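Please look over the sequence and the model before reading on.

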Amino acid sequence: MELRVLRYFLAVAREQSISGAAEYLHITQPTLSRQLMDLEEELGKQLLIRGKRNRRIMLTEDGMRLRKRAEEIVELADKTEAEFLAGGDAVSGDVYIGCGESDAMRIIAKTAVKLRQDYPGIHFHLYSGNADDVSERMEKGLLDFGIFITSSSIEKYDYLQLPAYDTWGLIMRKEDKLAEKKFITPQDLAGLPLLISRQAQVHEEMSSWSSECSGRLNVVGTYNLIYNAAIMTREGFGYTLTLDKLANTGEGSGLCFRPLKPELRANLNLVWKKYQIFSKAAQKFLEYLQKEINA
C-alpha cells in the first residue's frame, strides 16, 4: 500500500463522495476511482459501498478497519517527516502528549508557555483519553509522552513523577441529600446508581477502597471523559465517581463534588517509552518540565 493511496482513501471516507474527494485532492474522478479499485484488489476486500441513487460512499466493515489503521499510518508518517524537517541548529517541531482529564495539566501548560517563549517554533498536540488509550498510542509511536492519572502500571516506561495529585470523589445534584455531607464513605455508596470510569485500574482502586460494600456497588454505566457523565448526573441518571476540579460544579451548574473518605488520591506521572529517541522539541520539553518541577 502506498501512503498516497491511503490519503486518497481517507479523503473519500471523510467526504463520503468520489467527486468531493477528487475536488479536495485536485485529481480527476476516474483517477481516484481507479486507485481505490486497485487498493481493494490489492487487499482482496471490498472497502467501499457505492450508492446508486445519491452516489454517497459508505465504508464496509473492512473499510472502517482500514480507516483506523490508515489514520494511524498517515499520522505517524507526518510526525516522522516533521521531525526530520525540523532538523538543523534551531529547535522547532512538534510535541505530542496524551493525557486523561486532570487539573495537573496546569504544570504541562506552564512548561509549554515558557518553552514557546524561548522556542516559538515548537508546537504542542494534545490527545485526551484514559491510560489504556494513551498507552496504545504511545506503543504505536503516535505520542511522545503520556500522563497517567491512576495507579496504571508504569514499570515498562521511563517516567517522571509530577508534583501533583488528584482526589477522587462523587459528583451529585446540589439538592441531593448526600450533598449535605462533607465526605462520602464506602457505606454512602452502597446501593447508589454509579457512573464510573471505564478504565480497568479505576475499578480495581474503587473495589479496594470500598471493600466494606464492594458487593453492593451498583455500577449502572461507564464513561471515558467526564463532560457527558456530568450531564447524565445532572439529569438524574446516577452519581459520578470522578476526580476533583474536572466537572463544572460552580454556580448555576446544579452539581456539587464531595471527596471520598478515607481519602483516595491519584498520583500523576509523565511517562515515555524506554530507550525512546526524542525529537529536539520533545527533548527540550522534558528538560523544561524537569526545571519546572525542581522550581
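Which residues in α5 meet which residues in α10?

## Basis of the model

This is a predicted model, in which local features need pLDDT of at least 70 and side-chain atom pairs count only at pLDDT 80 or more, while totals for chains, interfaces and linings use all residues. Residues are numbered from 1 along each chain as its sequence is written, and side-chain values use heavy atoms, with hydrogens and water left out.

## Helices α5 and α10

On the α5 side, the contact (heavy atoms within 4.5 Å) is made by Ile-107, Ile-108, Lys-110, Thr-111, Lys-114, Leu-115 and Asp-118. Their partners in α10 are Lys-284, Phe-285, Tyr-288, Leu-289 and Glu-292. The residues of this contact divide into 6 nonpolar, 1 polar and 5 charged. Here Ala, Val, Leu, Ile, Met, Phe, Trp, Tyr, Cys and Pro count as nonpolar, Asp, Glu, Lys and Arg as charged, and the others, Gly among them, as polar.

Helix α5 spans residues 105-118 and helix α10 residues 280-294; they pack at an angle of about 120 degrees, with axes 9 Å apart. Helices (H or I, at least four residues) and strands (E, at least two) are DSSP runs, numbered from the N terminus. Axes are lines fitted to C-alpha atoms, for helices over the stretch in contact, and angles run from 0 to 180 degrees between N-to-C directions. The angle makes α5 oblique to α10; under 35 degrees counts as roughly parallel, over 145 as roughly antiparallel, 65 to 115 as roughly perpendicular and the rest as oblique.

## Cysteines

How many disulfides does a search of the whole structure find? The search finds 0, a disulfide being a pair of cysteine sulfur atoms within 2.5 Å. Cys-99 counts as buried because its relative accessibility is 4%, and Cys-256 counts as buried at 7%. Buried means under 20% relative accessible area, exposed over 50%, and partly exposed in between (1.4 Å probe, protein chains only).

## Backbone features

Most residues other than glycine have a negative phi, and most peptide bonds are trans. Gln-16, in the loop between α1 (3-15) and α2 (18-25), has a positive phi of about 55 degrees. Gln-16 is partly exposed, at 33% relative accessibility. His-26 has a positive phi near 60 degrees and lies in the loop between α2 and α3 (29-43). With 72% relative accessibility, His-26 counts as exposed.

Lys-261 and Pro-262 are joined by a cis peptide bond, with omega about 5 degrees. Pro-262 sits in the loop between β10 (255-259) and β11 (265-273).
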